[in-house]
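Please look at the chain below, and keep it in view while reading the report that follows.

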Amino acid sequence: MKKRVDNNFKTILIILFALAILTPLGILTQNPAFGEWTQEEIKKMLGFVPEGLKKYAEVYKFDLFDGYSVKFISNQYIGYILSALIGIAVIFAIFFLLKHLMTERK
């Protein structure tokens, strides 16, 4: 059973790594990524900007890497890949911590 779980985990890691390597494909398009629209782009699409979005637009600034770039690396593609890998690592860390906390409660 443990070996099967290990194989599934390895498969998931390989798929996530492949997806992280493919993230710079988003640079090829001139359109913004889904959900990463500016207020001006939302206004163009909807004809208005929702009040909640206006209110919290400046509060929600959580880009670890400004524009998915790394200051000390000039290659934009590497910045995208690093952002994806760090995002994956953070999500894994959060779920690992949650699993650990929930196991201790039992």
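Is Phe 9 buried, partly exposed or exposed? Phe 9 counts as partly exposed, because its relative accessibility is 39%, where buried means under 20% relative accessible area, exposed means over 50%, and partly exposed lies in between (1.4 Å probe, protein chains only).

This is a predicted model, in which local features need pLDDT of at least 70 and side-chain atom pairs count only at pLDDT 80 or more, while totals for chains, interfaces and linings use all residues. Residues are numbered from 1 along each chain as its sequence is written, and side-chain values use heavy atoms, with hydrogens and water left out.

**Aromatic pairs**

The structure holds 2 aromatic pairs, a term for rings of Phe, Tyr and Trp (its six-membered ring) whose centres lie within 6.5 Å, with planes under 30 degrees apart counted as stacked, over 60 as edge-to-face and the rest as tilted. The rings of Phe 9 and Phe 92 have centres 5.7 Å apart and planes at 80°, so this pair is edge-to-face. The pair links distant parts of the chain, since Phe 9 belongs to helix α1 (residues 2-22) and Phe 92 to helix α4, 83 residues apart; helices here are DSSP runs (H or I, at least four residues), as strands are (E, at least two), and they are numbered from the N terminus. Phe 34 and Trp 37 form an aromatic pair that is also edge-to-face, with 5.0 Å from centre to centre and 75° between the planes. The table gives the relative accessible area of three of these ring residues.

| Residue | Relative accessible area | Class |
|---|---|---|
| Phe 92 | 30% | partly exposed |
| Phe 34 | 76% | exposed |
| Trp 37 | 31% | partly exposed |

**Helix α4**

UniProt, in an unreviewed entry, places the feature "transmembrane region" at residues 77-98; its positions are given in the numbering used here, feature names are shortened, and annotations may be inferred rather than shown by experiment.

Ser 83 lies in helix α4 and is buried, because its relative accessible area is 13%. The side chain of Ser 83 reaches the backbone oxygen of Gly 79 at 2.9 Å.

Leu 98, which is also in helix α4, counts as partly exposed at 41% relative accessibility. Met 102 lies in helix α4 (residues 76-105), and with 56% relative accessibility Met 102 counts as exposed. The C-alpha atoms of Met 102 and Leu 25, which are 77 residues apart along the chain, are separated by 38 Å.

**A salt bridge**

How many salt bridges does a search of the whole structure find? The search finds 1 salt bridge, meaning a side-chain nitrogen of Lys or Arg within 4 Å of a carboxyl oxygen of Asp or Glu. In this salt bridge the side chains of Lys 54 and Glu 51 meet at 3.4 Å, N to O. Lys 54 and Glu 51 are separated by about one helical turn, because they are 3 residues apart in helix α3 (residues 51-56). Lys 54 counts as partly exposed at 43% relative accessibility, whereas Glu 51 is exposed, with a relative accessible area of 57%.

Notes: Polar contact = N/O pair within 3.5 Å; in protein donor to acceptor, adjacent residues only side chain to side chain.
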